[in-house]
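Biologist: I've never looked at this one before. Could you walk me through it, one question at a time?

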Amino acid sequence: MAQSVAQPTTNPTAVPAKLPIGAIVPWAVFFGILMLVLLYFVGAEQGATSVVAGEDVHEWVHDARHLLGFPCH
Amino acid sequence: MNSATVRNLLVRGMLAGLAAGLLALVVAYFLGESRVDAAIAFEEAHAHEHGGVEAVSRTMQSTAGLSTGVLVYGVAFGGIAALAYCFALGRVGRFGPRASALLLAAAGLVAVYVVPFLKYPANPPATSDPETIDQRTTLYFLMVVLSVLLAVAAVILGKRLAPRLGNWNATLAAGAFFVLAVGLAYAFLPSYNEVPKDFPATLLWQFRLAALAVQVTLWTVFGLVFGVLAERALAPRTAAAGEEAAHPRAAAVPH
Ligand SMILES: [Zn+2]
């Protein structure tokens, strides 16, 4: 008995049960958008488009923008 | 309980993304920064007019600024990948929690970065025309979105074909579809080459390799760390599913 309980957790080929779509969607919508906003500020803010005035955001993440492959200058 | 599992995986995805971001940051700092500096030195040597005072010093850009960007990027993609993982788990194939995480990370690296990179590669400072930033930004993000959508379409196509063609041939067909569709996108989207004629070719090459190394590090570390964290979070579900599958067999085996 103890073996049958311990086995699935240590067995790398055991497949966990599916998560219902309905349980994922609320998280995906809210956090998906939040994560995309974060990516926008790292990758594109104060380049082609600006939400915050000035150049400070662009200048602060400038090196990351180049090294992460986003278009810059 | 299901919603709690999603939240749990999301948090773990963001933590794995942070860990991946830290290692990617080390690579970006040691392999990338010297190339950024060299490109800026080239830019300054060739500038006709000099701009005013720098808003952020080079020291801050290459340390705190770089860290902010790479870590936020890691956390954000960690969160998105964790959500994709929730959808994919048990739906794409019969892979365990760790194999699923590593496969997802590999798919993420290819779809989010490598495919767009082959058309619009990372560029060091001083190699792009500021006048074309609007088009370059639009095209880059379009390429990323297109590549991700095509990858998702390829996975769905592969799943649909699997009952008829078998797993191996269905995977090959889905892969061929992805390569063909990406090839068409490459052919029809405009290219840019604004690198100044006297910009050192080796520097451009080294910068792009460094940028690629940053992403390979990021996604690999994410896949490995998230796999372990997700496996722990999913242990009760895996045990339950394993139990269910094991019961009929257990009854048949004589003790
Ligand atoms: Zn730049």
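Biologist: Among contacts in chain B between residues at least 6 apart in sequence, what share joins residues at least 24 apart?
Modeller: Keep in mind that this is a predicted model. Chain B has 5 helices and 0 strands, and along the sequence the pattern reads α-α-α-α-α. Of its contacts between residues at least 6 apart, the share joining residues at least 24 apart is 86%.

Biologist: And in chain A, what is that share?
Modeller: Chain A has 4 helices and 0 strands, in the order α-α-α-α. Counting contacts between residues at least 6 apart in sequence, the part that joins residues at least 24 apart is 11%.

Biologist: What are the spans of the C-alpha trace of chain B along its principal axes?
Modeller: Chain B has 255 residues, and buried ones make up 42% of them. Its accessible surface comes to about 13200 Å², with 69% belonging to carbon and sulfur atoms. Along the principal axes, the C-alpha trace spans about 85 × 40 × 30 Å.

Biologist: Is A:Cys72 buried or exposed?
Modeller: A:Cys72 gives its SG atom to the zinc ion. Buried means under 20% relative accessible area. At 6% relative accessibility, A:Cys72 therefore counts as buried.

Biologist: What is the phi of A:Gln46, which is not a glycine?
Modeller: A:Gln46 sits in the loop between H2 and helix H3 (56-60) of chain A. At 5% relative accessibility, A:Gln46 counts as buried. Its phi is positive, at about 60°.

Biologist: Where is B:Ala126?
Modeller: B:Ala126 also has a positive phi, about 75°, although it is not a glycine. At 14% relative accessibility, B:Ala126 counts as buried. Its place is in the loop between helix H3 (97-119) and helix H4 (133-188) of chain B.

Biologist: Which residues does B:Gln215 touch, not counting those up to four places away in sequence?
Modeller: B:Gln215 lies in helix H5 (residues 201-252) of chain B. With a relative accessible area of 0%, B:Gln215 is buried. Its contacts include a residue of the other chain, A:Leu68. The whole list is A:Leu68, B:Tyr73, B:Leu109 and B:Tyr113.

Biologist: How far apart are the C-alpha atoms of B:Val114 and B:Leu161?
Modeller: B:Val114 lies in helix H3 of chain B and is partly exposed, with a relative accessible area of 23%. Leaving out residues up to four places away in sequence, B:Val114 touches B:Leu109, B:Tyr186 and B:Leu212. B:Val114 and B:Leu161 are 47 residues apart along the chain, and their C-alpha atoms are separated by 26 Å.

Biologist: How far apart are the closest N and O atoms of B:Arg136 and B:Glu194?
Modeller: B:Arg136 is buried, with a relative accessible area of 9%, whereas B:Glu194 is partly exposed at 22%. The two form a salt bridge, and their closest N and O atoms are 3.4 Å apart.

Biologist: Last one: how many salt bridges does the structure hold over all chains?
Modeller: One more pair is B:Arg98 with B:Glu231, at 3.2 Å, N to O. That pair links helix H3 and helix H5 of chain B, 133 residues apart. Over all chains, the number of salt bridges is 5.

Conventions: Residues are numbered from 1 along each chain as its sequence is written. Chains are lettered from A and ligands numbered from 1 in the order in which they are written. This is a predicted model: local features need pLDDT of at least 70, side-chain atom pairs count only at pLDDT 80 or more; totals for chains, interfaces and linings use all residues. Side-chain values use heavy atoms; hydrogens and water are left out. Donors are N, O and S atoms within 2.8 Å of the metal (3.2 Å for Na, K and Ca); water is not among the atoms, so sites may look incomplete. Buried means under 20% relative accessible area, exposed over 50%, partly exposed in between (1.4 Å probe, protein chains only). Helices (H or I, at least four residues) and strands (E, at least two) are DSSP runs, numbered from the N terminus. Contact means heavy atoms within 4.5 Å. Accessible areas come from the Shrake-Rupley method with a 1.4 Å probe; for residues, only the protein chains shown count as cover. A salt bridge is a side-chain nitrogen of Lys or Arg within 4 Å of a carboxyl oxygen of Asp or Glu.
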